[in-house]
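Please read it alongside the sequence and the structure.

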Amino acid sequence: MNEHNEPAQDPVEPAREGDTKEESPEQSCCHRPGCYERFTPAPQSPHQKYCSLECYNAMRTVLIREERWRKRLQKKAGPNDAFE
Ligand SMILES: [Zn+2]
């Protein structure tokens, strides 16, 4: 198969100055530490923080663990049986 069907360059578009690498302003950087993947958030979730489900799940696991820790510390710190 000879697929030489590339669309002609838009003649209206001016020549690019410098190398902008087509960085769209809508792109976000992954919030997972150590992962600096850039991604474009899906239209249905514009506030997406992670590049992939893998990063999202990894961070969620960490957050849940942290929350558990905090609760445990709070339990230790305050005499919560006074309200029972
Ligand atoms: Zn990521």
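The chain holds one helix and two strands, where helices (H or I, at least four residues) and strands (E, at least two) are DSSP runs numbered from the N terminus. Read from the N terminus on, these elements follow the order β-β-α. This is a predicted model, in which local features need pLDDT of at least 70 and side-chain atom pairs count only at pLDDT 80 or more, while totals for chains, interfaces and linings use all residues. Residues are numbered from 1 along each chain as its sequence is written.

**Burial and contacts in the chain**

- Of the 84 residues in the chain, 2% are buried, a residue being buried if 20 or more other C-beta atoms lie within 10 Å of its own, exposed if 12 or fewer, and partly exposed in between, with C-beta atoms placed from the backbone.
- Among contacts (C-beta atoms, placed from the backbone, within 7 Å) between residues at least 6 apart in sequence, 13% join residues at least 24 apart.

**His31**

- His31 sits in the loop that runs between β1 (28-29) and β2 (38-39), and it is partly exposed because 14 other C-beta atoms lie within 10 Å.
- When neighbours within four places in sequence are left aside, His31 is in contact with Lys49, Tyr50 and Met59.
- Between the C-alpha atoms of His31 and Gln48, which are 17 residues apart along the chain, the separation is 9.3 Å.

**Pro46**

- Pro46 belongs to the loop between β2 and α1 (53-77), and it counts as exposed because 10 other C-beta atoms lie within 10 Å.
- The C-alpha atoms of Pro46 and Glu26 are separated by 8.9 Å, with the two residues 20 apart along the chain.

Methods: Two residues are in contact if their C-beta atoms, placed from the backbone, lie within 7 Å.
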